[in-house]
Amino acid sequence: MSPAAEEHAILDPALAKPFPQAVLPVLRNPQLRKNVAHAIDVIQGKRAKLVAEKADWQELRTAAAAIRSHALDNLGFYLEQFEARCTVAGGHVHWAADAAEARQIILDLLRQEGASEVIKIKTMTSAEIQLNPFLEASGVRTYETDLAEIILQLGDQEPSHIVVPALHINRAQVREIFARKMGLENLSDDPKELTNAARTYLRRKFLDVPTAISGANFLIAESGGVAVVESEGNGRMCLTLPKTMITLAGIEKVLPRFQDLEVMLQLLARSATGERMNPYTSLWTGVAPGDGPQNFHVVLLDNGRSSILARPTHRQTLKCIRCAACMNTCPVYRQTGGHAYGSVYPGPIGAILTPQLAEMHHAQSLPFASSLCGACYEVCPVKINIPEVLLELRSEVVNQERKQVGRIFDPMYLGLRMANVLFSKAWIFHTAQWFGRIGLRFFTGKDGWIHWLPSVGGKWTQTRDLRGLPSQTFHGWWASRPKEGK
Amino acid sequence: MRASLFITCYNDTLYPETGRAVVRLLERLGVELDFNSKQTCCGQMHANTGFRAEAFSQAKRLVRLYQDTETIVVPSSSCVAMIRDQYPTLIHELGNAELQSQFTALLPRIYELSEFLIDKLGVDDVGAYFPHRVTYHASCHGVRALHLGQRPFRLLGKVRGLRYLELPNIDRCCGFGGTFSVKNAEVSSAMLAVKLQDVVATGAEYCTALDNSCLMHLGGAMHRQYAGMKTIHMAQILASTETSPVEVTA
């Protein structure tokens with residue numbers, strides 16, 4: 001079957017191809033593009049309807065942006081407060097500077113428990129630190145419990161979206177994966193049958209595996225509590241049945257007060273899935289005797305976040321609440337899906353977050369993977385000015401690259417450097433226009449249009465024509481006007 | 001009313017007919033128009049491609065060039081967005097107090113064409129006549145940076161003979177994005193294909209916009225695909241009258 005044979009996406013920015021090359025297999029896969037466009041159009045349609053019914057949507061965004069900014073501006077204080085309150089409530093807080101440390105902490109905790117299996121609530125942060133492959137290699141079997149994550153895990157595929165990770169896979173493909181991996185040859189692609197198959201598969205794991213790993217949507221500083229929102233109830237199962245719960249969370253996830261959830265939850269569900277309220281919102285604080293997990297650990301992950309925090313324009317990246325509205329609205333993501341970004345964080349937020357995270361410095365093509373249309377900023381519930389950060393990162397990439405000797409003859413660099421000279425004086429610009437007009441005549445057809453250009457220009461003419469340069473510029477026309485005509 | 005025209009580098013070079021139309025339109029409305037022949041570029045291409053050092057020099061140059069000018073009209077929404085959204089950071093980073101105060105004084109005097117007509121001149125009926133089916137692409141910068149809102153529709157609504165056809169997904173990017181169109185040519189083209197489907201499906205004869213960069217992208221694909229429709233900057237529609245119809249171009 002073709003879906004299984006699909007080439008494996010590499011979500012390691014150090015190894016993934018640059019974006020312009022990584023998109024090519026996707027653009028040649030009409031089924032994948034159809035799946036992606038259909039899925040995000042549905043979500044965006046639902047979102048737009050629900051946002052329209054909130055008269056105070058812009059005020060909510062302003063409030064959320066202020067809450068997140070305040071939390072980040074005082075992150076040290078709130079993290080320590082979280083640690084103190086969580087500890088008092090019976091939890092254990094661990095600090096991980098990078099991915100390797102976080103993986104080791106989690107493995108050590110699992111070994112203390114003598115765990116050979118672990119069930120997981122969907123957490124993109126664990127994908128960021130490549131937790132599953134590490135645990136599997138260390139002899140701990142991991143079982144994803146979110147439906148989309150099960151599909152990916154069984155299908156040996158990578159997430160292409162942060163809220164609906166299997167967005168690129170359609171029903172027929174899910175059927176194929178389940179039939180193959182669960183040994184259900186007669187399975188149909190009826191959604192009810194598919195969910196039933198997953199439910200049967202999962203129920204045993206929920207009852208048998210006493211150790212769970214979760215992410216966190218929010219950490220509440222004042223109470224030391226953790227919040228997870230989800231749609232399927234798998235999270236609720238993982239939060240109640242196991243004996244031990246390990247929560248992995250980026251340090252930026254902290255909110256100062258419990259009351260801040262009022263703002264966040266209104267925005268998150270609407271932005272993420274186009275729902276007024278997500279079906280399950282679980283909140284827990286430390287350990288409650290006789291109720292839920294009796295061993296509770298929180299692993300706080302830095303992995304480059306403090307260096308993002310230290311830079312004023314970049315800091316807003318950390319306001320993100322992972323709703324994915326930016327990717328759902330992004331005209332680039334709509335064409336490419338998530339795998340082309342070579343990171344667990346795709347789309348506009350991925351294009352700014354990925355290059356900034358530790359161990360992810362190879363993602364230099366990502367800040368350029370945007371037409372700067374601004375749709376992401378417009379929908380962002382916490383008002384991250386993604387285009388602004390993209391521009392900041394672009395200039396950093398250019399500042400690094402322009403020092404390389406090879407760039408001297410790079411047509412893009414050469415062209416832009418020359419353009420700078422041309423624009424410095426009107427007479428140089430006007431002379432260049434004249435030369436350009438003469439030069440382009442060689443490429444201009446009888447119809448007055450250019451159909452083929454060499455070098456970088458060929459990137460334009462591979463799908464588009466260009467009208468030949470008119471014989472008179474505007475300033476030339478203006479100068480030739482009879483003065484009394486004014 | 002006096003105003004000075006910042007034509008922008010690519011309109012000057014590639015679309016002089018748009019500039020001529022702006023002149024015709026504004027002079028018809030009694031504006032005394034001026035053109036500073038020293039102008040070149042706002043620096044958008046450099047800034048958006050990450051060439052900040054170069055963008056600095058364009059920004060400095062533009063602010064100094066227009067420091068004594070009363071009102072500036074720009075028939076390009078993305079260039080105005082560059083000045084409004086990116087100049088503040090650039091100028092701030094330069095840390096030159098004199099330049100900063102010149103820029104602060106200049107900023108409110110810069111108008112995109114539809115802003116100038118509606119906000120400054122207070123007209124939406126410019127006496128235009130354009131007997132064609134027209135659809136309007138609300139360019140990204142026009143919608144999300146300048147928040148042009150109803151301005152373009154008010155102007156088009158008053159053009160006699162014009163039949164406006166609504167464009168589905170009107171605010172979705174055409175995929176141009178400046179150097180994005182060549183750095184990520186394949187994705188850009190895929191976005192363009194989707195946009196063009198919407199545009200062609202309207203059945204319009206012309207697709208208009210307030211930014212020739214989107215129109216260059218759309219028009220380039222229309223021509224390549226024999227789409228049977230053309231692009232036209234809104235200034236040319238608004239300049240067109242019964243006695244003196246729009247200039248026919250290539």
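1. In what order do the 4 strands of the open sheet in chain B run? The order is 6-5-7-8, and the pairing is parallel. Bear in mind that this is a predicted model.

2. Strand 5 (residues 133-136) and strand 7 (residues 206-209) of chain B pair in the parallel sense over 3 bridges. Opposite B:Thr135 stands B:Cys207 of strand 7. Helix 12 (residues 212-224) of chain B packs on the sheet and touches strand 7 and strand 8. The direction of helix 12 makes about 165 degrees with that of strand 8 of chain B.

3. On to chain A. Helix 4 (residues 57-73) has 17 residues. From first C-alpha to last, helix 4 reaches 24 Å, close to the 24 Å expected at 1.5 Å a residue.

4. Which residues of helix 4 of chain A are buried? They are A:Ala64, A:Ile67, A:Arg68, A:Ala71 and A:Leu72. These cover an arc of only 130 degrees around the axis, which means they lie on the same side of helix 4. An α-helix has 3.6 residues a turn, so residues three or four places apart point the same way.

5. The face turned away from the buried side of helix 4 carries the exposed residues A:Gln58, A:Glu59 and A:Asp73. The cover over the buried residues includes helix 5 (75-88), strand 8 (254-255) and helix 13 (260-273) of chain A. Helix 14 (305-309) and helix 15 (312-315) of chain A are also among the covering elements.

Conventions: Residues numbered from 1 in each chain as written. Chains lettered and ligands numbered in written order. Predicted model: local features only at pLDDT ≥ 70, side-chain atom pairs only at ≥ 80, totals over all residues. Helix = DSSP H or I, 4+ residues; strand = E, 2+ residues; numbered from the N terminus. Expected span 1.5 Å × (residues − 1). Buried ≥ 20, exposed ≤ 12 C-beta atoms within 10 Å, placed from the backbone. Arc of directions from axis to C-beta. Contact = placed C-beta atoms within 7 Å. Pairing = 2+ DSSP bridges. Axes fitted to C-alpha atoms, helices over the stretch in contact; angles between N-to-C directions.
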